[in-house]
Amino acid sequence: MDLTDFDIIDAHIHQWDPHTTPREFSRVAKLMRYLPLPIDLAAKVAPRRDREFVGAPGAYLQPYLPADYRADLGSARVASVVSIEVQWTGWKPDETRWVASLPFGVDTPGLATIVGAADPAAQDFGAVLDAHQSASPLFHGIRTMVAHHPDRGVKSFAAHDGALTAPAFVDGFAQLAERGLSLDAWVYSGQLPEVTALAERFPEVPIVLDHLGTPAGIFGPVGRDTGHTARQRAALLDRWREDLTDLAAQPNVMAKVSGLMMPVLGHPIPSRGTPTPVPALLGRVSPLLAHALAVFGADRLIWGSNFPVDKPVTSIRGAVETVATGLSEAGASTDDLRKVFGGNAVRFYRIEPSE
């Protein structure tokens, strides 16, 4: 599909340097600087749930910076990006300051918005938000790691579920509304009712559901007992549809048609450097795209590549073509696609026009 005349905003990318920035996945990369090992051998040392989540470890063991993203663009035409936090340890606003200092907008797409890390349940939540805003005027919202899966073989990023509706989280969350900030909610699909409850309680806070709720194992087996049979996958799809429909009834919620090629969904990992063909991806993700369009409508969907997390399965161009084709086949018009691939991100993140 030809999108060359679109002003595409990639509303979900990540930036990191595992050699110099403090985050969980950086430990192995730092170790390998002193004990060089072949990547495939190093991957075998990692827990299985980590291997299944990342698919291929290369992108996590090397820096991923604006020039790396530019190289991955290929023929895709992206005007600007939204950088999403990668959960630094320590003082969270340091990540916002670091991202703002990266060379975006030179011979790379511009940086439109920064979504930083902050936990509404933390006692210093307000101070963290103020520091983020002081670090960069591009800071417009937060994401906090609450993704938890009941299958202990699937990688979780929180110790338990229920974080979004815990009293301390809810008490702090009101400070987002006070500052006019948004929430990127990344959860596994079983947590969708939590997002719905939060959105219902705080209708004044804009919330965007990342990656359509990441129904882990929907395309194949992951973990100990997720997506291992056709019956399990069908049940997962049915529940995801019901819960996404309930969430879409909240008018303050939008959804990102992003992360649909994450390895944890159960995608087979192709040979390194060989993206999955678009027709194969469409055969998997089209039902998700069609349902998202049906319940959210084209005015409430936002595209993001989720690079480099999705890189083991697809290319950025492949991600664009897959989502655009899938939505078109589900009834989206060209004007609808312009909204999904740019206009809706401008509205949600309050992106100012470039001078």
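I started with the fold: the protein chain has 13 helices and eight strands, taken as DSSP runs numbered from the N terminus (H or I of at least four residues for helices, E of at least two for strands). The radius of gyration is 19 Å, close to the 20 Å from the globule rule for 355 residues, so the chain is as compact as a globular protein of that length. Here the radius is taken over C-alpha atoms, and the rule is 2.2 Å times the number of residues to the power 0.38.

A note to myself: this is a predicted model, where local features need pLDDT of at least 70, side-chain atom pairs need 80 or more, and totals for chains, interfaces and linings use all residues. Residues are numbered from 1 along each chain as its sequence is written, and side-chain values use heavy atoms, leaving out hydrogens and water.

Next I looked up the aromatic rings. I count ten aromatic pairs, using rings of Phe, Tyr and Trp (its six-membered ring) with centres within 6.5 Å; planes under 30 degrees apart are stacked, over 60 edge-to-face, the rest tilted.

W16 and Y60 are stacked, at 5.3 Å centre to centre with 25° between the planes. W16 sits in the loop between β1 (8-13) and α1 (26-34) and Y60 in helix α4 (residues 58-61), so this pair ties together parts 44 residues apart in sequence. W16 is buried at 1% relative accessible area, where buried means under 20%, exposed over 50% and partly exposed in between (1.4 Å probe, protein chains only). Y60 is buried too, at 5%.
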